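Trainee: Could you take me through this structure, one question at a time?
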Amino acid sequence: MKLLTKKLLQEFKTNGKLPEEEQKFIAHVFNPTGMGDWWAMTYDEDEKLFFGYARITDGEYGYFSLTELEEFRGTFGLRIERDLHFTTTTKQQFQKEYHS
């Protein structure tokens, strides 16, 4: 599964042009074999870095690498998956639904 599609890339470009307080979470990826969730708000195409919220043990905002996510292999060789049911979420909605 592609973690970054052309459609998502366009959404990241549009979202990245908004003032920070108006930016939304665009995508969610996760480790299907264990701990690890990443919610992305922006993407730097040159550096291949997302900015968003990552929760492996404790959650925090910061940058995470598309390359590292794509290279990861978990139990039975499973890769990081993109949540196909995730919909664009405001920061306020995210705080209520996902932030712990």
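**Size, sheet and packing**

Mentor: For 100 residues, a compact globule would have a radius of gyration near 13 Å, and the protein chain agrees because its value is 13 Å. The radius is taken over C-alpha atoms, and the globule rule is 2.2 Å times the number of residues to the power 0.38. This is a predicted model, where local features need pLDDT of at least 70, side-chain atom pairs count only at pLDDT 80 or more, and totals for chains, interfaces and linings use all residues. Residues are numbered from 1 along each chain as its sequence is written, and side-chain values use heavy atoms, with hydrogens and water left out.

Trainee: In what order do the strands of the open sheet stand?

Mentor: Strands (E, at least two residues) and helices (H or I, at least four) are DSSP runs numbered from the N terminus. Two strands pair if DSSP finds at least two bridges between them. The pairing in this sheet of 5 strands is antiparallel, and the order is E4-E3-E2-E1-E5.

Trainee: Why is one side of E4 and of E5 left without a neighbour in the sheet?

Mentor: Strand E4 covers 59-65 and strand E5 covers 81-82. Both stand at the edges, so each has a single partner strand.

Trainee: Which strands does helix H1 touch?

Mentor: Helix H1, residues 6-16, packs on the sheet. Contact means heavy atoms within 4.5 Å. By that rule H1 touches E1, E2, E3 and E5.

Trainee: How many bridges join E2 and E3?

Mentor: E2 is residues 37-44 and E3 is residues 49-55. Asp-37 stands opposite Arg-55 in E3. The antiparallel pairing of E2 and E3 runs over 7 bridges.

Note on methods
Axes fitted to C-alpha atoms, helices over the stretch in contact; angles between N-to-C directions.
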